[in-house]
Amino acid sequence: LQAIKESLSSIFRSLPENCATKFAFVTYGDSIQFYNIKATRTTPQILVMTDLENGFLPGMREDFLVTYHESSSLVDKFLEMLPSLCQTEPSKEETCTAAAIRTAGMLLKGVGGKALIFQSSMPTKGPGALINR
């Protein structure tokens, strides 16, 4: 996780100022978390979606998709928060990977783009859940 944080930080800082590339952050475990990092905010706002079967965007697409240069201070705050946001006890570790991917697709629908998924355990909750044999 630390390597991902450092890599993203380095990539964002190397973007040219006029770069129009937009991105969003979505994390997941047993629920899906969206982060409103729009430049008008002072801190990242966390919106949690627990309905894994009937996914939806918990706000306007524009609240989540931003450029680095318009929201750099919030992106940096989010990256600092990331390790603590992703800490769980191994015995409570559930992941809803398929629901998170589907919801990321909703976020990108109409604008296009890529979803980068960082997964460290088997999907165990929601659609696509697997059972350990």
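Colleague: Which strands does α4 lie across, and at about what angle to β2 does α4 run?

Modeller: Helices (H or I, at least four residues) and strands (E, at least two) are DSSP runs, numbered from the N terminus. Axes are lines fitted to C-alpha atoms, for helices over the stretch in contact, and angles run from 0 to 180 degrees between N-to-C directions; contact means heavy atoms within 4.5 Å. Here α4 lies across β1, β2 and β3, at about 30 degrees to β2. Bear in mind that this is a predicted model: local features need pLDDT of at least 70, side-chain atom pairs count only at pLDDT 80 or more, and totals for chains, interfaces and linings use all residues. Residues are numbered from 1 along each chain as its sequence is written, and side-chain values use heavy atoms, with hydrogens and water left out.

Colleague: Okay, and in what order do the strands of the open sheet come?

Modeller: Two strands pair if DSSP finds at least two bridges between them. In this open sheet the order is β1-β2-β3, with antiparallel pairing. β1 (26–28) and β3 (45–49) are the edge strands, each pairing on one side only. Ignoring direction, neighbouring strands are turned by 25 degrees against each other on average. Between β2 (residues 32–36) and β3 there are five bridges, and Y35 stands opposite I46 in β3.

Colleague: Now α1. Which of its residues are buried?

Modeller: Buried means under 20% relative accessible area, exposed over 50%, partly exposed in between (1.4 Å probe, protein chains only). In α1, K5, L8, S9 and F12 are buried. They sit on the same side of α1 because they cover an arc of only 100 degrees around the axis, taking the directions from the helix axis to the C-beta atoms. A3 and S14, on the other side of α1, are exposed. The buried residues of α1 pack against α3 (72–85).

Colleague: How many residues does the largest nonpolar core have?

Modeller: A nonpolar core is a set of buried Ala, Val, Leu, Ile, Met, Phe, Trp, Tyr and Cys residues joined through side-chain atoms within 4.5 Å. The largest has 13 residues, and F12, F23 and V75 are among those with the most contacts inside it. α3 gives the most to this core, with five residues. Leaving aside neighbours within four places in sequence, F12 is in contact with F23, F25, Y68, V75 and L79. There's also a second, separate core of twelve residues, including I32, F34, C96 and A99.

Colleague: And S120, buried or exposed?

Modeller: S120 lies in the segment after α4 (97–108). Its relative accessibility is 73%, so S120 counts as exposed.
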